[in-house]
Structure formats: structure tokens, C-alpha cells
Amino acid sequence: AYERRFPTCPLIPMFVDSDTVNEFRSEDGAIHVIERRCKLDIDAPRLLKKIAGVDYVYFIQKNSLNSRERTLHIEAHNETFSNRVIINEHCCYSVHPENEDWTCFEQSASLDIKSFFGFESTVEKIAMKQYTSNIKKGKEIIEYYLRQLEEEGITFVPRWTPPAAAPSLETSLSCKKPAASLTAVVPDPALKEGLSSEPLSAPSGAPEPTAGTPDDKLDADYIKRYLGDLTPLQESCLIRLRQWLQETHKGKIPKDEHILRFLRARDFNIDKARETMCQSLTWRKQHQVDYILDTWHPPQVLQDYYAGGWHHHDKDGRPLYVLRLGQMDTKGLVRALGEEALLRYVLSINEEGLRRCEENTKVFGRPISSWTCLVDLEGLNMRHLWRPGVKALLRIIEVVEANYPETLGRLLILRAPRVFPVLWTLVSPFIDDNTRRKFLIYAGNDYQGPGGLLDYIDKEIIPDFLSGECMCEVPEGGLVPKALYRTAEELENEDLKLWTETIYQSASVFKGAPHEILIQIVDASSVITWDFDVCKGDIVFNIYHSKRSPQPPKKDSLGAHSITSPGGNNVQLIDRVWQLGRDYSMVESPLICKEGESVQGSHVTRWPGFYILQWKFHSTPACAATSLPRVDDVLASLQVSSHKCKVMYYTEVIGSEDFRGSMTSLESSHSGFSQLSAATTSSSQSHSSSMISR
């Protein structure tokens, strides 16, 4: 299909003509290189063409088809004005490494204008305009020729196979002069990492299953059944982000549906989705959100006066949540319970929503990843605009937006009173644009007319308080008795208790000020285990042993770095006068851990004494890059010190008699995400000295 655009292409008006200047084909037919001189009519001002003294510009284009590697490399550079302007372009078509039904396309170009008669800026704008136009039309053109081939009855091209008794590639190339130019034909495997997918044609080979997964995640039936309609590019983004999570969050990979929510919320920008998802996973882990449905029971005040609850499902199969906000005493609930209890209750509602989505996916046989919320504002008045109540609402919205993206499928706001625009003005700036587009607002009884409630909910399940036939078991709300109000001091203590129920501790790490913890071992062959997340920055993890105890822990004395518990702390144990090798020794090789990584490991102690676990600041070289570059590093550095890292950690010592060469003592509740993980695995390896996994 690509070759059909030569010698000229009617879909590219600027492409006037082309001539073949060089061609090479290997004897086994696997490699075909063709070089053309292309004539272009650039859309430039007539005055500029007159000054330059040319009507057309010429480019040299070389196409290198390697049927053995199944790649097509396209290289182009300008021949006209090459001493003044240097243009280089490289394109590559290749087969996706995990699914042979996908064709990947990668394109890059560079422009270097040395001088052009004083019109350098104009030439740059013209070049960028032409290049942008070509990119936009590229897919349209290739699909045009694909359809042309199909109309001619060509829907399949057989895979290249080596001819019988064919001479070796090296022999055939050694007698051909252009062989030196073929070094670019064989693709670098690294180029295939992270390519965006673009469907071109379906090869004959069957796709191989994804390595390391029990199910073929690329299977069309799986995608249709659990994920919904995805473009090849979106599927590729999902796979790439999941692979990155498998490398850095071993044993606790969220389900594809959950990863997909973060990708959709960020318009499939992998860098942004990766960052927000890592922050959310760390937040879930720190506050044990995965187990909130099993371990936290809402106070009786919430059960009696919080006017919200689940109620069947809408016409699309989404779980339906009904909230009678106008009947709810938000001021009384905040005064009786505090912000934290309300927030935790809303989190439990969202966790229940995720569970119901999974159930409805099974019941209806199609992917259901969001729910519908029906908010009745009958009774809403100025008391609902009580400032602490609005503050609590804004905080709840902020937390839910950050950690439950793309879970709200539709929001139906009914019987909106005159005071509603005031509340909407306060709240709407904190709601994501994608979420706001899902809002449908009805004033008075408009919801009963055309385009109203019946378009989204079956008549049989419309609640009775909305003139429906279905008895709704959502609490009616009402005023919270003032006898249940508590003082600010009581609420503050209760809030602290709610949010410090975690086995993990937080610590800050600064340049020149590591964070260290002390573990005393009495019996040799005990096992020190750890589980930590790098929340911000890059760190180096070390383990040291000393026969004598360090001085009592001292807080970081740097005024600019002082942080109070429980938000974070910095403790240093190793005295500055201590010498490595004399006063203490290193028992594990240093482990560099990148931002966003989750690390679990263990060390089998050889001697009794004092072991020091250390998290130390690590400076990343400017040229270093992860598999998914962090594009927001600069923005982050503007908000906080670039010499500050954060870790969240948990440690445990297992007695030698209890250790059986596994990590079973570190239960999944300590490190896993049971609700979001498809499978939680633990290492079964046993090392004589240590075991570290990511």
C-alpha cells in the first residue's frame, strides 16, 4: 500500500513526481532498498520562490524493506539548499512485539536552518506547516491505498520465507556495492518499545499470548467482554502502562479495568496516567483503603442521617446511587462526625461502587466500569452553604477525583432550586472537565418530561419520592440532634485516630540527610523483611550492621527540613565520626529505587547485633531515563525542593524458627491491593543472604 504512492500521489498535491535513482534487492528476496529523487511544489509565497530562484525543491528518499525482520524504514533528506537548510526525516513501520495483528508506526524529523536570505523564520513556519499537514494526512493516505488493494481483491500478502538452498545473506550482500547503506535496515529492538499502534494490514501469523499473564490480554473477546471498545493505540497504551507496573509493583498489579480508568482520565497520556496512578496506589496502601469495606463500620449517626444509598441499576446496567442531598443535614453531620468520618464513608461508597461494577459486568455480559448517581436537591437551602460543610464537600470531591477517575458514568441532578447556582459556582471549579460533561441538571419537575428520568432509568425502579412506583430504602435524612455534636478537640482526636490506622510509616529524605531505622537482632539467622514505596524522588536503599548500638535517634536539625509527625520525619542514626568498615559494615549491595517504585525484600541475618536500614537521597543524572519518562519533573521541582524525597515503609522481623524460605509472613493485607489486583503473588525464592523484589 505504501509503494502505491509512487511515482506520484494525487492525495498529496505538493508531490509532483519522483524518479528512481538506485535500487537493490538481495538474492533471497528478503531485503529491498529503493532510492528516489522526489520533486515537490512547496506552498510558499511567490516572492520567496523568486528570491530563492527555484520553483520546485527536491528530496532524496530511501525506502528499506526487510521482509525477514518485517520492517519498513523510510529515510528522507533535502537535496535543494542542503548547504543552507538541513531536513532529515525517518519513519518506521514494524510489527507490534506482542500482537502480530498490529502494525506500529514511528516518525521523527529534524529541521536545522543555517541561513536563508534573511527569511529563516518564514522558512521555519512553512516547513512546520507542511510537516504537520503531512502527518495529519498520513493515515488517511495509507488507508486509501489499502481500500484500493481490497477493491482489486488483494487482502492478503504471504509471509516471506527463505528460498530453498538460498545463499546466505552475508554472501549475497558481499558482492553488492550498496551493502554498506543497509546497516539501517535491521531495526533496533529498542525502537519498538513504546510505539503507538496504527492498523495497516493483518499478517497471516496468529498472535502470540502476552508473556507473563495467565490470560491473553490482547484477545479480542477479552477486550470486548471486560474493557469495551478500544482503538489499537489505546490498547497499546494499556499494555505499556501495565508492563511498567509489572516491573515496579511486582505482586500487586491493578486490574486492567482500573488502569484503563486512569488512562481515560488523562486522555491516554501515559506519563500523566502513570504519575496519578502511582500516587493513588500509594494513598490506598497508606490508608488501607482496600480493606475499608471489611474493617470499617460506619457510625450509627451516618446510618441514620446520611440520606444516600444504592438502588438497582440504570438502563445501561450501571449501578445506581441515590443521594437525597436536600434532605441531609450536612452541618449536623460535620459537627457530629468531623470531615474524616464523612470522607471515609464516601470512600466506602466508592469501593462498594467498584465491587458492584464488577458484579454487573458478569451479570450483563459487557464491560461496566462506572455508576450513575441520582441527586435529589428538593429541600436544598442556604443552610447547605455552611462554610465548613462546603469545605468538607470540596475536600471529598478532590480525593474522589484523584483516586476514582472515570467511575461516574452519569450524574442526574433533579429538582434544582434557586440556590443551586450558588453551590454550583463554589463546587464546579474543583470538578474535572470530563466529569462535568456527564452532569444533567433538571429544575422543578422537568425530569418528568421528554429527555428526563425515563430516558435513563426504567419506570419500575424510579423511587417513590420522585413519584415512582419503587420503594426506595435510602434513609430520609433529617436534622442531626445537637446532643450528638462534639467539640473541636474531640473531633480532632477522632480524626487523627481514623487516619493513623496504618502499619506504614512515612519519612522524608533530604540531600545529605538520609532516614535510618534501627533493628536489634538477638538470634542469628533471623529474617528482616521490608516493604516500601518511593513516593517522591529517587533514593538509594542500604542495609548496615554494627556490633554496637548507635546513639539515640536524633531528628533532622535542618530548620528548612523540619517536618512533624505523622506527615513525615527524618531520623539519622549513623554518627558522622563512624567509619564504614571499622564501626559498621554494609551487608547488602546498594539498591537504587526510582520514584513510584514499590520494593519488597528480606535479609537473612548472619550475626546478632544492630542492623540499620537506610534510605538515602539519589541524584539522577540528567541523561538517565526510565521506560516512561517523567515529563512533570520540572513542575514538581517548582512546588517542592528538588533535594527532597519521600518514602513510606513497613518492616518486620521473622524469627529463624518461623522462617521457611518464603515471604508468607508478609500477608497480602500488608502490601497488596486485594480489591484492585488481579492476583497478589509473593516470592517463593529463598536466598542465603537476601531477596529483593520489585
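This is a predicted model: local features need pLDDT of at least 70, side-chain atom pairs count only at pLDDT 80 or more; totals for chains, interfaces and linings use all residues.
**Entry 1: salt bridges**

I started with the charged pairs. The structure holds 28 salt bridges. I picked out a few to look at.

I looked up Asp290 and found its side chain in a salt bridge with that of Arg284, at 3.0 Å from N to O. I then checked burial for Asp290 and Arg284, and both are buried.

I went on to Asp376. Its partner is Arg415, with the closest N and O atoms 2.8 Å apart. This pair ties together distant parts of the chain: Asp376 sits in strand S10 (residues 371-376) and Arg415 in strand S11 (residues 408-416), 39 residues apart. Asp376 is buried, and Arg415 is buried as well.

**Entry 2: a network**

I turned to Asp314 and asked which residue it pairs with. I found a salt bridge to Arg318, where the closest N and O atoms are 3.6 Å apart. Asp314 and Arg318 are both buried.

Salt bridges link Asp314, Asp316, Arg318 and Arg410 in a network.

**Entry 3: Arg410**

I wanted to know more about this network member. Arg410 lies in strand S11. Is Arg410 buried or exposed? I noted a relative accessibility of 14% for Arg410. The cut-off for buried is under 20%, so Arg410 counts as buried at 14%.

Next I listed what Arg410 touches, leaving out residues up to four places away in sequence. The contacts include the network residues Asp314, Asp316 and Arg318. I also wrote down Trp371, Thr372 and Cys373, then Lys438, Leu440 and Tyr456.

**Entry 4: the largest cavity**

I moved on to the spaces inside. How many cavities of 30 Å³ or more does the structure hold? I noted four. The largest has a volume of about 1,100 Å³. It is lined by 41 residues, and those closest to its centre are Leu323, Val375, Leu393, Ile396 and Ile397.

I then checked which elements build the lining. At least two residues each come from strand S9 (319-323), helix H10 (330-337), helix H11 (339-364), S10, helix H12 (387-403), S11 and helix H13 (420-427). H12 gives the largest share, eight residues.

What kinds of residue line this cavity? I wrote down 32 nonpolar, six polar and three charged.

**Entry 5: a link between my entries**

I went back to the strands. S10 and S11 each supply at least two residues of the lining of the largest cavity.

Definitions and conventions:
Residues are numbered from 1 along each chain as its sequence is written. Side-chain values use heavy atoms; hydrogens and water are left out. A salt bridge is a side-chain nitrogen of Lys or Arg within 4 Å of a carboxyl oxygen of Asp or Glu. Buried means under 20% relative accessible area, exposed over 50%, partly exposed in between (1.4 Å probe, protein chains only). Helices (H or I, at least four residues) and strands (E, at least two) are DSSP runs, numbered from the N terminus. On a 1 Å grid over the protein atoms alone, a cavity is a set of points where a 1.4 Å probe fits but cannot get out, and a pocket is an open set with protein on both sides within 12 Å along at least five of seven lines; lining residues have an atom within 4 Å of a point. Grid points are joined across faces, edges and corners, and a volume is the space filled by probe spheres set on the points. Ala, Val, Leu, Ile, Met, Phe, Trp, Tyr, Cys and Pro count as nonpolar, Asp, Glu, Lys and Arg as charged, and the others, Gly among them, as polar. Contact means heavy atoms within 4.5 Å.
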